[in-house]
Amino acid sequence: MSGGEIEEDDERRRQRKLEEALEVKSLRRIITAYLNYPDAAEEDVRRYERSFKKLPPAHKALLSHYPSKFQDLRRCISMNSYFIFSMLQAFEPPLDMSQDVDGCDDPHLENFGHEHCHSEERNASSCCSASTSGRMCCSNHAQACSQERSCVMNNPTAQLQEVQSEHQLVSISGSSAGEVKNNKEISECCGNDVTDSNGNMFSSPHDSLDPSLQLNVPLVDVDKVRCIIRNIVRDWAEEGKKERDQCYKPILEELDALFPNRSKESPPACLVPGAGLGRLALEISCLGFISQGNEFSYYMMICSSFILNNTETTGQWTIYPWIHSNCNSRSDNDQLRPVSIPDILPASAGINEGFSMCGGDFVEVYNDSSQIGVWDAVVTCFFIDTAHNIIEYIEIISRILKEGGVWINFGPLLYHFADMYGQEDEMSIELSLEDVKNVAFHYGFELEKEQTVETTYTANPRSMMQNHYHAAFWTMRKKRTSAT
């Protein structure tokens, strides 16, 4: 090997090490945000109490139930924390979380790790993937990849294995019921005692939860944890069924109609970018497709892996998703109501062999030569507006579809990077719906069906305020070349 080749090899190793350190730093930040949830929520309650104490006695007398409500809020916070820490205990980081990351800084790290929040919040995303053991695998560092290849999708997408050296692809097992330690173990974290409804307290053995490895994170990161809790309702609770029927049901019915004679021996392959917590990708699998969800957010992937792989019964967990705001509540009972999750048992849902979740940035993972013409269908639900450059998304969707393949899209155009004030290098291309369709036509799509569907996103169905979207719902087909 020549001196120049050795130098290039050393530079590649340094770059990989830096990328890994950045990923560790991002993951530490996200874990810390989850761990900081109890303290941040407790501070909210203390703020409510301070305001209450400032009332004159006559006004306090009108709200004599408030001290009891504050204690109820603390009980709800404890139950949410129990779920969060159970989830973190089941999470096995794919990287050495103890490595020194003090010297690695990335100007984009502030935006790394955002997730889908189309209701009160708008964010972007981060990366990771799920497996049958609850392990997570980062997009750029899939050390366990060779061990998991038997789980990879078969014939129609065999080319995907070539991408695995950089982007882990693992599937969800039908016999998954992970190793969640029985309601006794998860950490006493951030100075809070976290217990379940029976008073069991947690202690965690995982190094990744070591306080010395946690970072100082802004409160906005904890807001993302609250966003995840609302997303759980959307995907995995009976209370979220109305939204799922508005958003997922039309997609599932369209897929079912477009592929009426699906073969069990060679089922069509469907990609779901921006899969979030995985319910839509799972439902597509249950229809008889080889279904792969792609997600960029560690917040999302840690949670989806836990629900998909570590659930033993329906209604196993109880969360309180609506406690974080006192605004627009019709009653305290509405605000404090519990939600049981999941509403179905993923392992018994009838998923098709080949169901998988692939972690990583959509552009990085699928803008690869091995992905050209692989997919029979691409489904995007509340996804295309997460792009820095939506044209690039559309170009890649066209490239990875087979000729005659279909693209089903559902969602608004709430561009996630539109309001990144003060970050001049943050690219954001914000097209009108008309321009989006014209770009799609340029890349070889023909419009087969289009309608507008009114829907919400992670909305509290009992709130006095509802944000409604008039979502674009279309089916486009990639033209066949004249040669075929």
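Is V272 buried or exposed? In this predicted model, where local features need a pLDDT of at least 70, side-chain atom pairs count only at pLDDT 80 or more, and totals for chains, interfaces and linings use all residues, V272 is buried, with a relative accessible area of 1%. Residues are numbered from 1 along each chain as its sequence is written, and side-chain values use heavy atoms, with hydrogens and water left out. Buried here means under 20% relative accessible area, exposed means over 50%, and partly exposed lies in between, as computed with a 1.4 Å probe on protein chains only.

V272 belongs to strand β2, residues 269-273; helices (H or I, at least four residues) and strands (E, at least two) are DSSP runs, numbered from the N terminus. Setting aside residues up to four places away in sequence, V272 touches L280, A281, I284, S291, Q292, G293, N294 and V379, a contact being defined as heavy atoms within 4.5 Å. C381 is 109 residues away from V272 in sequence, yet the two are 8.0 Å apart in space, C-alpha to C-alpha.

Two of the residues that V272 touches, L280 and I284, also take part in the contact between helices α7 and α8. The axes of α7 (residues 241-258) and α8 (residues 279-286) come within 11 Å and cross at roughly 30 degrees, where axes are lines fitted to C-alpha atoms, for helices over the stretch in contact, and angles run from 0 to 180 degrees between N-to-C directions. That angle makes α7 roughly parallel to α8, since angles under 35 degrees count as roughly parallel, those over 145 as roughly antiparallel, those from 65 to 115 as roughly perpendicular and the rest as oblique.

Another helix pair involves α3, residues 66-90, which has 25 residues and reaches 36 Å from its first C-alpha to its last, close to the 36 Å expected at 1.5 Å a residue; the expected span is 1.5 Å times one less than the number of residues. Because 18 of its 25 residues are buried, α3 is largely enclosed by the rest of the structure. Helix α9 (residues 298-310) packs against α3 at an angle of about 85 degrees, with their axes 9 Å apart, and α3 and α9 are therefore roughly perpendicular to each other. The residues in contact are F83, S86, M87, L88 and A90 of α3 and I302, C303, F306, I307 and N310 of α9.

The backbone has some features to inspect in the loops. Most residues other than glycine have a negative phi, and most peptide bonds are trans. A cis peptide bond, with omega about -10 degrees, joins I341 and P342, and P342 is placed in the loop between β5 (339-341) and β6 (356-359). F382, in the loop between β7 (375-381) and α12 (390-400), has a positive phi near 50 degrees and counts as buried at 2% relative accessibility. T458, in the loop between β9 (445-455) and β10 (469-478), likewise has a positive phi near 50 degrees and counts as buried at 3% relative accessibility.

For the chain as a whole, the secondary structure comes to 13 helices and 10 strands, and 55% of the 484 residues count as buried. The mean pLDDT, the predictor's confidence in each residue from 0 to 100, is 81, and 73% of residues reach 70 or more. Over residues 119-193 the pLDDT is below 50, although this stretch has 246 contacts in the model beyond near neighbours in sequence. Where pLDDT is low, the predicted coordinates should not be read in detail.
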